Amino acid sequence: PAGHGIGRSRGGLTTKIHTVVDGHGRPLANIITGGQRNDGAMLTAVLAEVAVPRLGQGRPRTRPHAVIADKAYATGAIRTELRRRRIRAVIPEKSDSIAARARRGSKGGRPPAFDSDLYKGRNVVERSFALLKQWRGLATRYDKYAINYRAAVTISAVLTWLRALGDTP
């Protein structure tokens, strides 16, 4: 809703930006939630927002080749959802999951596939957030209403794309 306030957590009023970026750090989709929301719970929602138009005819592209994420996204539900959508998961396994599988021995199953070379590209996401935090209003979460905060995130995304496109016809 338009008048919806920013989320509440133990530290007070907070927000989270859930975003999907391309391989160059340009935002493809953004969702704003309260700070108490789990990152993993929002993954399917933010992936559903991705729609990259094609240069010629055809419907927009909605499925990335891979999702590169940190250990916060290393749950069975997320891996299952990505597998269902035929998206490659490049997510390191949590150390407690590794230990639990080792305790189970041969019944522990196989570890999930992990491409460490592809995972090195995750810094692109971190750099896109660093660029986003150059906006003082976004870094300090100054806005009272989520709609205003989301507008600032969207304007930042537009400016990022305009900088990337430059003078292209």
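Visitor: Why is Glu126 called partly exposed?
Guide: Glu126 has a relative accessible area of 41%, and because buried means under 20%, exposed over 50% and partly exposed in between (1.4 Å probe, protein chains only), Glu126 counts as partly exposed. This is a predicted model, in which local features need pLDDT of at least 70 and side-chain atom pairs count only at pLDDT 80 or more, while totals for chains, interfaces and linings use all residues. Residues are numbered from 1 along each chain as its sequence is written, and side-chain values use heavy atoms, leaving out hydrogens and water.

Visitor: What makes the contact between Glu126 and Arg122 a salt bridge?
Guide: The two side chains meet at 2.8 Å, N to O, and a salt bridge requires a side-chain nitrogen of Lys or Arg within 4 Å of a carboxyl oxygen of Asp or Glu, so the pair qualifies.

Visitor: How many salt bridges does the structure hold?
Guide: There are six, among them Glu93 with Arg101, whose closest N and O atoms are 2.4 Å apart; both of these residues are buried.

Visitor: How do you know whether Glu81 and Arg84, 2.7 Å apart at their closest N and O atoms, are buried or exposed?
Guide: Glu81 has 21% relative accessibility and is therefore partly exposed, whereas Arg84, at 59%, is exposed. They form a salt bridge, and being three residues apart in helix H2, they are separated by about one helical turn (helices are DSSP runs of H or I, at least four residues, numbered from the N terminus).

Visitor: What sets Arg86 apart in its phi?
Guide: Arg86 has a positive phi of about 60 degrees although it is not a glycine. Most residues other than glycine have a negative phi. With a relative accessible area of 62%, Arg86 is exposed.

Methods
Helices (H or I, at least four residues) and strands (E, at least two) are DSSP runs, numbered from the N terminus.
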